[in-house]
2 protein chains.
Amino acid sequence: MEDLIVQKYGGTSVGTVEKIKRVARRIVETKNAGNKVVVVVSAMGKTTDELVDLALAINPNPPSREMDVLLATGEQVSISLLAMAIQTIGHDVVSLTGAQCGIQTSDVHKRARISGIDTARIKRELADEKIVIVAGFQGVDENRDITTLGRGGSDTSAVAIAAALEAKCCEIYTDVDGVYNADPRVVPTATKMDEVSYQEVLEMASLGAGVLHPRSVELAEKFKMPLIVRSSYNNNEGTIIKEDVKMEKVLVRGIALDENIAKISIFEVPDQPGIAFKLFSMLASANIHVDMIVQNVNRTAVNDISFTVDADELQEAVEVSQKFAFEVEAQKVAFDKGVAKLSVVGTGIVANAEIASKFFESLFELGINIQTISTSEIKISCLIDKERAKEAMIHIHKKFDM
Amino acid sequence: MEDLIVQKYGGTSVGTVEKIKRVARRIVETKNAGNKVVVVVSAMGKTTDELVDLALAINPNPPSREMDVLLATGEQVSISLLAMAIQTIGHDVVSLTGAQCGIQTSDVHKRARISGIDTARIKRELADEKIVIVAGFQGVDENRDITTLGRGGSDTSAVAIAAALEAKCCEIYTDVDGVYNADPRVVPTATKMDEVSYQEVLEMASLGAGVLHPRSVELAEKFKMPLIVRSSYNNNEGTIIKEDVKMEKVLVRGIALDENIAKISIFEVPDQPGIAFKLFSMLASANIHVDMIVQNVNRTAVNDISFTVDADELQEAVEVSQKFAFEVEAQKVAFDKGVAKLSVVGTGIVANAEIASKFFESLFELGINIQTISTSEIKISCLIDKERAKEAMIHIHKKFDM
């Protein structure tokens, strides 16, 4: 009985004719090793950006439905070229668009959710011993209109297809060797993890480690589909992301740094019941994601409220905060872009007091002030001065002997 | 009751962002004048050529099925951009791929035939007062695989959709003002025809006038769908192609010149029954289209056979002819690329001896030798020296006082 493997190649992996040929060889090798293979592909290199530019030149606010019709061509080009490359090597192959391989989605254009996959066509092609190449990032809604899945879309397509086909695993090919315990560009001694749990990767992703989009990891966890992150440039083993990761001595699995955040502070907010709720519901209505929150209770009847947001959403968040401050008669609103969030991640980390104290001690040793602390079951995050964040990351990586 | 108009814009008409915006304005004007409008679009400018080059860089002999997946993206880009441009102007619009608008075809990739159109989706969108933009040149086969229609494909899509929707007419927008009675690049005094019959245009097209692909004209004739050829750069009336064209004094409607041909001669073919049939069935098996045929019966038991082929197919035709010559023990095979076919076209032309004699007299006046003559109900063609063909065309145009 052959294993079924789903492989996903990102835009950089198929960015040129040469790279497409290389990917084709790897796919055929996987097939010839005795597996059934389904491949999910993104658009070539910067294609999506170019298409967006073209659209904006015509309409500064292009309708989402038409944007999806346009963007979906990017992956359609990739799948056909990759299929041609595989056929040259001499293997039967077929490319399928999102519509053709039955990827059903909601009708929310530009960020549709996969609602189901009709696998009949893929299964028929696999039964014919063909390699199946699928366009990632896209599907169709009930009206057969083309939809795209938004951020992390191709990874999500790959995991969803792997789950629907009950594949052995889903391999995510990228330009790094796997998931590292810290960003190797910042921490030269960072090491690749052989195994990591869904939850740990999820925390690292949401903390800015930028490995995989949380959405695809969540989907993989839901279906207990093993994810393997590996390089499309070599044959290294990569990192397996799965549910049960054997416990090791070191609880800290990774260190993540998010520099793309900003802090907003609202000073002297009258201490009335429900006033914080009012602020955060105003921010939620504006679709602003709020992260670390601190409320300093003063001796008087006023509080200071601070919170962090994505740097991209800072301007809007400040506007909402100013509106709030005006309505509740708070004193003033300030913001600070010079902050970063440094986190240590590992299953059960918060139950281990030693880790937290070691983390704080490391920052103390460098004389770095902790502005805010937040914790979850599997991570501890500190808000610190952005200028010293990388130095701190390197120091902590050493301190935890990773 | 609103009229339904189908408009088709070729690749040059939507070749740039500016051109797309201009086409959008014209479409909205047509809609605002009180019509329902369905628009068929080709791929932008040289997009198709670029995609072909990309494919050939990966696979010198790309599989037809994947080629169609690739090429179909060209029109998908055009329809989405054109829809965005129309939406900017402020009109409801929807783009549809060949699959979405139910264009069913045979499964012969790269040159599929339209077998039927399920118009439900287009009609629903039209009922919602939307302008409908359709991707030309493409459809889907029974397996829902993407197909393309080959040469003249977008015109054929437009005519087929117009017929299926029982449109008032099908307007073909191009970069010339309409159908001319001779190629204006060769004959400066050539004039645009206001009306011309399907049959006349068909003859002119097959004789190299290069107005419309015969396939779309044949389809229009079958459904008696009026075709209007006009410029996308101005508001001139263009040429109406329809069934009944009012008879005018001048029988000669147009002059066509085909320089893209070559003559093959096989000398001293033994005079056996069925020997010409053998030659032409060998050529037909090789998919070579043979045009003007002359068989010179000699005094002896051998004949010379000459015929013309498309210049593009010369090499293959010579190979087949040499194989034939070897098998039947003919003397030799020669070819001549220095020939051109000059034709006069008009309904009932062959019944009017005066026209033929005037045609031949014109060539005689210039001292041009006629190598071969062929006639049909509505045209007379002469094979002549290519170097003098344009001069002859100008002279005949004057002679017939067109």
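Trainee: In what order do the 8 strands of the open sheet in chain B stand?
Mentor: The model is predicted, so local features need pLDDT of at least 70 and side-chain atom pairs pLDDT 80 or more, while totals for chains, interfaces and linings use all residues; side-chain values use heavy atoms, without hydrogens and water. Residues are numbered from 1 along each chain as its sequence is written, with chains lettered from A and ligands numbered from 1 in the order in which they are written. Strands (E, at least two residues) and helices (H or I, at least four) are DSSP runs numbered from the N terminus, and two strands pair if DSSP finds at least two bridges between them. The pairing in this open sheet is mixed, and the order is β3-β6-β2-β1-β9-β11-β12-β10.

Trainee: Which are the edge strands of chain B?
Mentor: An edge strand here pairs on one side only.

Trainee: Which residue in β9(B) stands opposite Tyr9(B)?
Mentor: Strand β1 (residues 3-9) and strand β9 (residues 169-174) of chain B run parallel and are joined by 5 bridges. The residue opposite Tyr9(B) in β9(B) is Tyr173(B).

Trainee: At about what angle does helix α4 of chain B run to β2(B)?
Mentor: Axes are lines fitted to C-alpha atoms, for helices over the stretch in contact (heavy atoms within 4.5 Å), and angles run from 0 to 180 degrees between N-to-C directions. Helix α4 (residues 120-127) lies across β1, β2, β3 and β6 of chain B. Its angle to β2(B) is about 135°.

Trainee: Is Ser374(A) buried or exposed?
Mentor: Ser374(A) lies in strand β19 of chain A, which forms a hairpin with β20(A), and stands opposite Ser381(A). Its side chain makes a polar contact with that of Lys379(A) at 3.4 Å; such a contact is a pair of N or O atoms within 3.5 Å, where within protein one must be able to donate a hydrogen and the other to accept it, and residues adjacent in sequence count only if both atoms are side-chain atoms. Buried means under 20% relative accessible area, exposed over 50% and partly exposed in between (1.4 Å probe, protein chains only). At 17% relative accessibility, Ser374(A) therefore counts as buried.

Trainee: Which residue of chain B comes closest to the rotation axis?
Mentor: Superposed by least squares on the C-alpha atoms of residues with pLDDT of at least 70 in both copies, chain B can be laid on chain A with an RMSD of 0.2 Å by a turn of 179° and a shift of 0.1 Å along the axis. The two copies are therefore related as by a two-fold rotation axis. With its C-alpha at 2.7 Å from the axis, the residue of chain B that comes closest is Thr73(B).
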